[in-house]
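Biologist: I'd like to learn how to read a pocket and a pair of packed helices. Can you walk me through it?

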Amino acid sequence: MAESGGVYVEPTIFSEVNNQMTIAKEEIFGPVLSVITFDGMEQAIEIANDSIYGLAAGVWTSDINKAHKTAKALRSGMVWINHYDGGDMTAPFGGYKQSGNGRDKSLHAFDKYTEMKATWIVLD
């Protein structure tokens, strides 16, 4: 236990991870990085999409065409290119698969809180 009274996890990197391992399948909310290696863009996309989650993804490359192709192929609600966790309150926020359905923030979120109604009246 830390002097402040809490229990903390030191930043930890796990190497030689594959998608069959629990550490790759389950979300860990802490300073943990699981490293999965790949050979080529197609395999990287296959590995990334082989998940029940799809909230966010990050792509690092100097090839803008490859970045766009990869972002389009990823089943993720948000894709950051050459940075991570950026955003703006006016941009939609939400994921695919078990990382959420729908979008928060921005004008897209109004649909979640609005019910449309049509009223037809005959006047004699």
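Biologist: What volume does the largest pocket have?

Modeller: Keep in mind that this is a predicted model. In it, the largest pocket has a volume of about 1700 Å³. It is lined by 43 residues, and the closest to its centre are Ser34, Ala48, Ala56, Ala57 and Tyr84.

Biologist: Which element gives the largest share of the lining?

Modeller: That's H2, with six residues. Elements that each supply at least two lining residues include helix H1 (22–25), strand S2 (32–34) and strand S4 (56–59).

Biologist: And how does the lining split by class?

Modeller: You get 23 nonpolar, 13 polar and seven charged residues.

Biologist: Okay, now the helices. At what angle do H2 and H3 pack?

Modeller: Helix H2 (residues 41–49) and helix H3 (residues 64–73) pack at about 30 degrees, and their axes lie 10 Å apart. Angles under 35 degrees count as roughly parallel, so that's the label for H2 and H3. Their crossing is right-handed.

Biologist: Which residues meet there?

Modeller: From H2, look for Met41, Ile45 and Asn49; from H3, they meet Lys66, Lys69, Thr70 and Ala73. Sort the residues of this contact by class and you find three nonpolar, two polar and two charged.

Terms used
Residues numbered from 1 in each chain as written. Predicted model: local features only at pLDDT ≥ 70, side-chain atom pairs only at ≥ 80, totals over all residues. Heavy atoms only, no water. Axes fitted to C-alpha atoms, helices over the stretch in contact; angles between N-to-C directions. Helix = DSSP H or I, 4+ residues; strand = E, 2+ residues; numbered from the N terminus. Parallel < 35°, antiparallel > 145°, perpendicular 65-115°, else oblique. Left-handed = near helix turned anticlockwise from the far one by under 90°. Contact = heavy atoms within 4.5 Å. Nonpolar A, V, L, I, M, F, W, Y, C, P; charged D, E, K, R; others polar. 1 Å grid on protein atoms, 1.4 Å probe; cavity = no way out; pocket = protein on both sides within 12 Å on 5 of 7 lines; lining within 4 Å. Points joined across faces, edges and corners; volume = space filled by probe spheres on them.
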